[in-house]
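Take a walk through this fold, one region at a time. Keep the sequence and the 3D view side by side.

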Amino acid sequence: MAHQDCRFYESRFPEVDDVVMVQVKSIAEMGAYVSLLEYGGIEGMILLSELSRRRIRSVQKLIKVGRQEPVMVLRVDREKGYIDLSKRRVSPEDLATCEERFAKSRMVHSIMRHVAETCGADLEELYSQVGWPLYKMYGHCYEAFRAMIPDPEVVLQRLRDEVHGGQTPAVLSADVLDGILKNIRRRMTPQPIKIRADVEMTCFAYDGVEHIREAMRAAQGAGEDGCEVTIKLVAPPLYVLTTQTLDKARGIEVLTGAVDACRASIEAAKGSLRVKEAPRAVSEKEERLLQEELEAAEAANREIAGDDESESDYEEGMSVDVDAAPALSMA
């Protein structure tokens with residue numbers, strides 16, 4: 001089918017004091033013309049006086065064509081279709097709430113539109129019979145979709161019972177339902193959060209290497225099912241502890257426990273551990289940088305692997321083949 005589109009919500013217009021997401025279309029003497037992204041692209045205007053609380057020196061610095069902006073609804077003339085909006089009245093709390101809601105609504109809309117177009121269904125009918133009722137039942141259709149990941153039948157039965165008199169919605173054919181479920185599982189299944197801590201650990205005792213290994217094992221032993229801990233040597237004395245989990249708070253708690261276990265073990269052997277970076281969630285970019293560091297360290301170790309070892313290397317207390325070893329992961 002050809003490209004389809006419609007509003008995100010059942011109401012054709014927003015309510016006064018709602019904070020909505022718009023896209024700037026053009027800038028005129030009186031203000032900026034925008035389209036309301038959640039309401040089918042209907043037009044609104046941000047008056048010049050509602051752009052900023054400060055004196056306006058340049059409109060172009062405050063707002064640009066093509067940019068998405070959260071704005072507050074001041075007036076709605078449903079008969080004439082006029083909507084007056086304000087940018088300056090949006091608080092930081094309103095901004096965060098609007099951005100979160102819009103991201104969820106856009107995800108729902110993307111799934112609904114893709115399914116409608118690929119399965120030959122009418123998008124507005126799909127919203128009318130499935131999407132908009134789920135908004136009412138769950139507060140947001142996004143939450144209903146999330147609930148369908150482990151067990152779709154619970155949500156579908158509630159939809160049948162509360163909205164359609166116990167019957168399956170007419171638009172929800174086998175192909176459409178299968179398309180919705182496949183898209184939800186592919187695009188909304190939670191991804192594990194990566195938690196990481198950076199520590200510096202040393203032990204200059206005669207058998208310091210073994211004590212460090214024991215401390216690494218202690219760190220790994222602090223892991224839990226579904227939240228296992230890995231510790232790797234980047235370059236002496238820097239070590240990185242990592243875990244992955246769907247629950248950020250739990251991951252940070254487990255990794256904090258792993259750092260404490262590692263510290264207790266190494267300090268019992270008269271070594272030391274200093275936390276360089278406390279446990280925190282890390283981005284994929286940070287993980288890529290870490291992987292590049294590990295690969296660079298491993299390459300450097302390979303280059304010096306054939307060098308002769310001098311007697312002085314052993315007199316300092318830290319074994320050369322551990323100091324210069326590739327990144328360690330105690331499995």
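**Starting at a loop**

Look next at M72. S91 and M72 are 19 residues apart in sequence, yet their C-alpha atoms are 9.5 Å apart in space. Bear in mind throughout that this is a predicted model.

M72 belongs to β4, where it stands opposite V19. Strand β1 (residues 19-27) and strand β4 (residues 68-77) run antiparallel, and 5 bridges join them. Strand β1 has another partner as well. It pairs with strand β2 (residues 31-36), again in the antiparallel sense, over 5 bridges. Within that pairing, V22 has L36 of β2 as its bridge partner. The link from β1 to β2 is a hairpin through 3 residues.

Two packed helices are described by the angle between their axes and the distance between the axes. Helix α2 (residues 92-119) packs against helix α4 (residues 141-148) at an angle of about 65 degrees. Their axes are 8 Å apart. The crossing of α2 and α4 is left-handed. Which residues make the contact? From α2 come K104, M107, V108, I111 and M112. From α4 come C141, Y142, E143 and F145. By class, the contact of α2 with α4 has 7 nonpolar residues, 2 charged ones and no polar ones.

In soluble globular proteins, nonpolar side chains tend to be buried together. Here the largest nonpolar core holds 54 residues. Which of them touch the most other members? They are L85, Y127, L134 and F145. Helix α3 (residues 123-138) gives this core its largest share, 8 residues. Pick out L134 and look around it. Leaving aside residues up to four places away in sequence, L134 touches G139, H140, C141, A144, F145, V155 and L159. C141 and F145 also take part in the contact between α2 and α4. A second, separate core has 22 residues, including I195, V229, Y239 and L273.

Finally, turn to the backbone. Most residues other than glycine have a negative phi, and most peptide bonds are trans. Some places here depart from that pattern. The peptide bond from P236 to P237 is cis, with omega near 5 degrees. P237 is found in the loop between β7 (230-235) and β8 (238-245).

Two other residues have a positive phi. D17, which is not a glycine, has a phi near 80 degrees. It lies in the segment before β1. Is D17 buried or exposed? D17 counts as exposed because its relative accessibility is 53%, and the cut-off for exposed is over 50%. K270 is not a glycine either, and its phi is positive at about 65 degrees. Look for K270 in the loop between α8 (248-268) and β9 (272-281). With a relative accessible area of 80%, K270 is therefore exposed.

Methods. Residues numbered from 1 in each chain as written. Predicted model: local features only at pLDDT ≥ 70, side-chain atom pairs only at ≥ 80, totals over all residues. Heavy atoms only, no water. Axes fitted to C-alpha atoms, helices over the stretch in contact; angles between N-to-C directions. Helix = DSSP H or I, 4+ residues; strand = E, 2+ residues; numbered from the N terminus. Left-handed = near helix turned anticlockwise from the far one by under 90°. Contact = heavy atoms within 4.5 Å. Nonpolar A, V, L, I, M, F, W, Y, C, P; charged D, E, K, R; others polar. Core = buried A, V, L, I, M, F, W, Y, C linked by side-chain atoms within 4.5 Å. Buried < 20%, exposed > 50% of the residue type's maximum accessible area, 1.4 Å probe, protein only. Pairing = 2+ DSSP bridges.
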